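Thank you all for coming. Please have a look at the structure on the screen while I talk through a few parts of it.

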Amino acid sequence: MLTPLIAQLDGARAPWLPGYRVKMLDGNWIAASERRRKVWREVQAGALPGQSLVVSEPTAGLVSEVLPCEDGHAPERSMLGQVLETVPAHALWRQDRHGCPCAFLCTIDNRDAGCITRQHEGLPFEGVTTLRPGGRIETSQVAEQRVQVRDAQGQAHLCRRIRVTLDQAPRDGDRVLYMRTNLPLRQASATRVARFYRKRWTLETAFQHLAAYFHAEINPLGYPKAALFGLCLAWVADNMLAVVMAALRSVHGATMDQNLSLYDVANDMAQTYQGMMIAIPEGAWRVFSRRRPAEMVATLRVLAQKVRLKAYRKNPQGPKKPRPKREKITKMPHVSPAKLRKKRQVSAVAN
């Protein structure tokens with residue numbers, strides 16, 4: 001419903017790979033909740049109300065599918081069967097190593113879809129060629145080889161195995177990453193695949209925005225169904241924000257959102273909504289439900305022209321200061337800020 005609206009607004013971002021509809025798959029665990037339910041009051045470990053697999057389309061900025069699961073400890077692979085039912089042709093899937101079972105990759109290949117996924121250590125494969133240099137990107141060296149994997153029926157599926165050697169180790173410590181893709185070389189070189197995978201943080205950043213802007217993870221919601229329902233409502237609000245951003249891009253330019261603070265926009269939406277519900281009668285909103293997409297596009301563009309972008313500009317921070325060496329005090333577990341401040345003032349006067 002919202003995808004055609006964004007298309008008519010001409011507010012979608014530039015496609016990542018022409019000819020493919022990019023879909024990103026990632027898991028999201030709801031944070032531990034309060035101990036309101038009787039079943040875990042006597043358990044010391046934190047309780048996870050649930051999790052979900054989320055499919056987003058970064059070009060439109062929308063979340064297209066949310067697959068909820070009440071079991072917070074269920075592995076992501078157990079939910080991939082539901083994702084396979086939604087795989088269309090000519091879609092390009094990007095998922096992490098947890099979404100890399102052989103059956104999932106082979107099903108995507110059978111449906112004329114593409115995939116770029118980080119290789120799981122347990123994925124079996126047969127080497128067809130040896131690793132050869134594939135070039136270099138900004139932060140790493142790239143190499144690739146051709147391999148094949150077999151599905152449950154024994155049918156072989158050819159794909160490319162790409163090795164990315166990072167210049168610096170990330171937080172998890174893995175300097176060498178392996179990725180799988182069934183995209184042909186003429187469409188995506190090894191360096192292009194590596195750059196594409198660097199955009200993996202797009203959806204994870206959306207999870208952070210969801211918690212910060214729309215309070216998606218409500219701590220008292222310990223009941224799994226309630227917690228997952230609240231999460232899905234937050235995704236609906238995030239999709240509405242995507243439509244707003246598309247309308248702004250269609251009027252103020254495609255690079256407009258580079259200097260726009262999403263936090264300020266979402267905060268203004270949340271604060272203004274309650275006042276509008278009080279000041280404007282409910283019947284006045286029903287006119288929008290009867291409008292055709294073309295009429296809605298015209299209205300959104302008129303409203304977007306009246307937005308003062310200066311009020312929502314980002315305030316970028318300067319370069320981070322180096323972390324000072326901290327004095328270790330073994331005798332006292334706490335210090336007095338008042339005494340430290342007074343000591344510093346006395347030292348400054350003396351100098």
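This is a predicted model: local features need pLDDT of at least 70, side-chain atom pairs count only at pLDDT 80 or more; totals for chains, interfaces and linings use all residues.

Let me begin with strand β2, which covers residues 51–57 and is mostly covered, since seven of its seven residues are buried. In a regular strand, the side chains alternate between the two faces of the sheet. If you follow β2 with that in mind, you will find Q51, L53, V55 and E57 pointing one way, while S52, V54 and S56 point the other way, and all of these are buried.

Which strands are paired with β2? On one hand there is strand β1, residues 21–29, which runs antiparallel to β2 and is joined to it by six bridges; as an example, N28 has S52 of β2 as its bridge partner. On the other hand there is strand β3, residues 62–69, which pairs with β2 over seven bridges, also in the antiparallel sense, and here Q51 stands opposite C69. β2 and β3 together form a hairpin with four residues between them, and in that turn G61 has a positive phi of about 80 degrees.

Next, I would like you to find N182, which lies in the loop between β10, residues 176–181, and α4, residues 190–197.

The buried residues of α4 are A190, T191, V193, A194, F196 and Y197.

Finally, let us turn to helix α6, residues 224–252, and helix α9, residues 293–305, whose axes come within 9 Å and cross at roughly 70 degrees. An angle from 65 to 115 degrees counts as roughly perpendicular, and α6 and α9 are therefore roughly perpendicular to each other. Where they meet, α6 contributes V243, A247, L248, S250, V251 and H252, while α9 contributes L300, R301, A304 and Q305. The residues of this contact divide into six nonpolar, three polar and one charged.

Notes:
Residues are numbered from 1 along each chain as its sequence is written. Side-chain values use heavy atoms; hydrogens and water are left out. Axes are lines fitted to C-alpha atoms, for helices over the stretch in contact, and angles run from 0 to 180 degrees between N-to-C directions. Helices (H or I, at least four residues) and strands (E, at least two) are DSSP runs, numbered from the N terminus. Angles under 35 degrees count as roughly parallel, over 145 as roughly antiparallel, 65 to 115 as roughly perpendicular and the rest as oblique. Contact means heavy atoms within 4.5 Å. Ala, Val, Leu, Ile, Met, Phe, Trp, Tyr, Cys and Pro count as nonpolar, Asp, Glu, Lys and Arg as charged, and the others, Gly among them, as polar. Buried means under 20% relative accessible area, exposed over 50%, partly exposed in between (1.4 Å probe, protein chains only). Two strands pair if DSSP finds at least two bridges between them.
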